[in-house]
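Please look over the sequence and the structure shown here before reading on.

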Amino acid sequence: MNKIKAIYDVVKTMKEKKEREGVLQVKVEKDGQQVLKFSNEFQHSGDGNTKCHLQSEWNCDGNEGKHESTTEFKRDHEHGCPFHRGFRHGRHNEHFGHGHIHGFKSKADILLCFLRLLNDLKAEEQGEKTIFSLELDEAVAKMKERMKERMQSNCENGPFLGKDSGHHHPLKGKLMKEMMLMEKPHILANIVTNKNKEVEKVSITIQGSYENDGLHETNATVEVNFTK
């Protein structure tokens, strides 16, 4: 199988889809106890209307609660995501003066990372389905190194743990920090596609341990099942 051609066909098919429906589920366990459960039943229509039904439960270090809500909005195709516009604008000045060297190195690192992932990607045909699998241990280790460097310099305004993260889930920052503490997390990603080159399922599993007032183990799963 030509995995590059297979990936291209899947990406092209999903990009051209006008409507998407499915369920996103996230589960996180720490030391055998569930600390976070989250689900998002989403519907994206061809005219840009989106409907999401959100449910979440969390219980960690005395922080316990539940949430359920339904949100409807219309996607702005012309202007795109305002966060990404602001982020690109904020990074623009790095490409002038001495910053252009740093920008070139960053882009080269991204390209090398992409090529490495492409080389490590496995594709297997099982009947009418194709399963793509990829171990992300090394890629995440390198990402952790870069994130630590950025946090040591000035991370308080970063996109993950920044001042603008107040609208995110209250456990997001804590879970991100625990991920950073893991010595050698094992991360596996799987994508299942059908005969029409459509993605049916995406799953990511994360397993790892870290030392912080004792040894702790964290297991997390992220799964998206598309029904349309």
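**From one serine to the whole sheet**

Serine 203 is buried, because its relative accessible area is 15% and buried means under 20%. This value, like the others in this text, comes from a predicted model. Serine 203 has its place in strand β8, which covers residues 199-211. Leaving aside residues up to four places away in sequence, serine 203 touches Leu188, Ala189 and Asn190, and also Val222 and Glu223.

The strands on either side of β8 can be taken in turn. With β7, the strand β8 pairs in the antiparallel sense over eight bridges, and within this pair isoleucine 191 stands opposite valine 202 of β8. The two strands β7 and β8 form a hairpin that has five residues between them, and in its turn lysine 197 has a positive phi of about 65 degrees. Strand β8 is also joined to strand β9, residues 215-226, by 11 bridges, and these two strands run antiparallel as well. Here lysine 201 has asparagine 225 in β9 as its bridge partner. The hairpin of β8 and β9 has three residues between the strands, and aspartate 213 in this hairpin takes a positive phi near 55 degrees.

How are these strands placed in the sheet, and in what order? Nine strands form an open sheet that reads β4-β3-β2-β1-β9-β8-β7-β6-β5, with antiparallel pairing. Its edge strands are β4, residues 63-74, and β5, residues 122-126, each of which pairs on one side only. On average, and with direction ignored, neighbouring strands of this sheet are turned by 10 degrees against each other. Elsewhere in the sheet, strand β2 (residues 33-44) and strand β3 (residues 49-60) run antiparallel and are joined by nine bridges, and serine 39 stands opposite glutamine 55 in β3.

Helix α1, made of residues 3-16, lies across β1 (20-30), β5, β6 (129-135), β7 (186-193) and β8, and runs at about 105 degrees to β6. In helix α3, which spans residues 99-120, one finds leucine 115. Is leucine 115 buried, exposed or partly exposed? Leucine 115 counts as partly exposed, because its relative accessibility is 43%, which falls between the limits of 20% and 50%. Together with Leu111, Leu112 and Phe114, the residue Leu115 makes a nonpolar surface patch of about 410 Å².

Key: Residues are numbered from 1 along each chain as its sequence is written. This is a predicted model: local features need pLDDT of at least 70, side-chain atom pairs count only at pLDDT 80 or more; totals for chains, interfaces and linings use all residues. Side-chain values use heavy atoms; hydrogens and water are left out. Helices (H or I, at least four residues) and strands (E, at least two) are DSSP runs, numbered from the N terminus. Buried means under 20% relative accessible area, exposed over 50%, partly exposed in between (1.4 Å probe, protein chains only). Contact means heavy atoms within 4.5 Å. Two strands pair if DSSP finds at least two bridges between them. Axes are lines fitted to C-alpha atoms, for helices over the stretch in contact, and angles run from 0 to 180 degrees between N-to-C directions. Patches are made of residues with over 30% relative accessible area and no salt bridge: like charges are joined within 9 Å, nonpolar side chains (Val, Leu, Ile, Met, Phe, Trp, Tyr) within 5 Å. Accessible areas come from the Shrake-Rupley method with a 1.4 Å probe; for residues, only the protein chains shown count as cover. A salt bridge is a side-chain nitrogen of Lys or Arg within 4 Å of a carboxyl oxygen of Asp or Glu.
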